[in-house]
Structures are given as structure tokens and as C-alpha cells.
Amino acid sequence: MYISSKLRELRSLEVGWDGGHAEPIAQSVTHQAYRVLDHLTESRSVYPFLTPTAEGGVLAEWRAGKERLEIEFSPGEPPYVYAANIDGESRVDGYLSDRGIALEAKRALKEISLRVWASNPTWKRLFV
């Protein structure tokens with residue numbers, strides 16, 4: 001529910017939403033983001049922070065200390081994934097269209113989610 005609501009909110013941004021010349025978020029980008037996030041997440045997955053990019057895309061980001069997962073959805077491109085392990089070292093860096101990258105992204109999200117649930121079981125309050 002949070003993800004679809006936030007993506008609808010981002011899609012309603014107009015040209016110049018950043019006070020400059022930022023592009024509005026394309027419907028195709030929010031649809032792609034929803035499909036990918038629906039596929040990657042499980043019932044115990046923590047929610048990503050979803051932010052617009054100036055080029056009309058969406059960045060989904062999860063963090064737990066130095067550990068992080070980022071998926072950037074850009075118009076006309078496959079989703080790009082970057083993940084860092086608990087020590088902050090790169091563990092995934094590539095396009096989600098690569099099956100190995102997709103599996104690693106799903107594994108990284110599961111690990112981050114477990115860590116967040118263990119350290120802050122009330123994390124959902126951040127998204128109200």
C-alpha cells in the first residue's frame with residue numbers, strides 16, 4: 001500500500017518540481033518500479049524510501065547502517081541496482097535485467113529487512 005501510494009504521489013509532480021528544470025515522473029517509470037518492487041519484496045520486507053530524480057526517474061533506497069540497496073528507475077532504461085554489504089563494500093552493481101543481479105538484489109533486501117526488523121520492530125512508523 002505504501003509503495004503504490006508513494007509512486008502515485010511522485011507521478012503527480014510537475015515540471016520543475018525541484019524549483020529548477022526537473023522532469024515529471026513518467027507513468028511508465030512508476031509502473032516499472034511498482035512491478036519490480038512487487039517482485040522483489042516479501043511480506044517481511046521493509047519499505048524503501050522513494051525519491052524522484054531530476055531526469056524523471058525514481059530511486060528506491062533501503063539502508064541499515066553502512067548496508068544499503070538502491071534501485072534506480074530511469075525512463076527508457078532497465079532498473080539499475082547498487083548494493084553495499086554491512087561493511088559498506090560494493091556487493092551488487094549492475095542492471096536488474098541480469099538474473100544474477102536480480103537474485104543478489106533480492107538477497108540484499110532480505111538481509112537488510114531482517115536487520116531492520118531486529119533492531120527496530122516499529123520501523124513502519126517512519127512511513128506514516
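In the predicted model, the lining of the second largest pocket divides into nine nonpolar, two polar and two charged residues. The space in this pocket amounts to about 180 Å³. Among the 13 residues that line the second largest pocket, Phe49, Arg63, Val116, Trp123 and Leu126 are the closest to its centre. Strand S2 (58-64) and helix H3 (99-119) each contribute at least two residues to this lining, and S2 gives the most, with four residues.

The largest pocket holds about 220 Å³ of space. Its lining consists of 15 residues, of which Met1, Ile3, Asp38, Thr41 and Tyr47 are the closest to the centre. By class, eight residues of the lining of the largest pocket are nonpolar, four are polar and three are charged. At least two lining residues come from each of helix H1 (2-11) and helix H2 (27-40).

The packing of these two helices was also examined. The axes of H1 and H2 come within 10 Å and cross at roughly 165°. Angles over 145 degrees count as roughly antiparallel, and H1 and H2 are therefore roughly antiparallel to each other. The crossing of H1 past H2 is right-handed. On the H1 side, the contact is formed by Ile3, Ser4, Leu7 and Arg11, which meet Gln27, Thr30, His31, Ala33, Tyr34 and Leu37 of H2. By class, the contact of H1 with H2 comprises five nonpolar, four polar and one charged residues.

Terms used:
Residues are numbered from 1 along each chain as its sequence is written. This is a predicted model: local features need pLDDT of at least 70, side-chain atom pairs count only at pLDDT 80 or more; totals for chains, interfaces and linings use all residues. Side-chain values use heavy atoms; hydrogens and water are left out. On a 1 Å grid over the protein atoms alone, a cavity is a set of points where a 1.4 Å probe fits but cannot get out, and a pocket is an open set with protein on both sides within 12 Å along at least five of seven lines; lining residues have an atom within 4 Å of a point. Grid points are joined across faces, edges and corners, and a volume is the space filled by probe spheres set on the points. Ala, Val, Leu, Ile, Met, Phe, Trp, Tyr, Cys and Pro count as nonpolar, Asp, Glu, Lys and Arg as charged, and the others, Gly among them, as polar. Axes are lines fitted to C-alpha atoms, for helices over the stretch in contact, and angles run from 0 to 180 degrees between N-to-C directions. Angles under 35 degrees count as roughly parallel, over 145 as roughly antiparallel, 65 to 115 as roughly perpendicular and the rest as oblique. A crossing is left-handed if the near helix is turned anticlockwise from the far one by less than a right angle, and right-handed if clockwise. Contact means heavy atoms within 4.5 Å.
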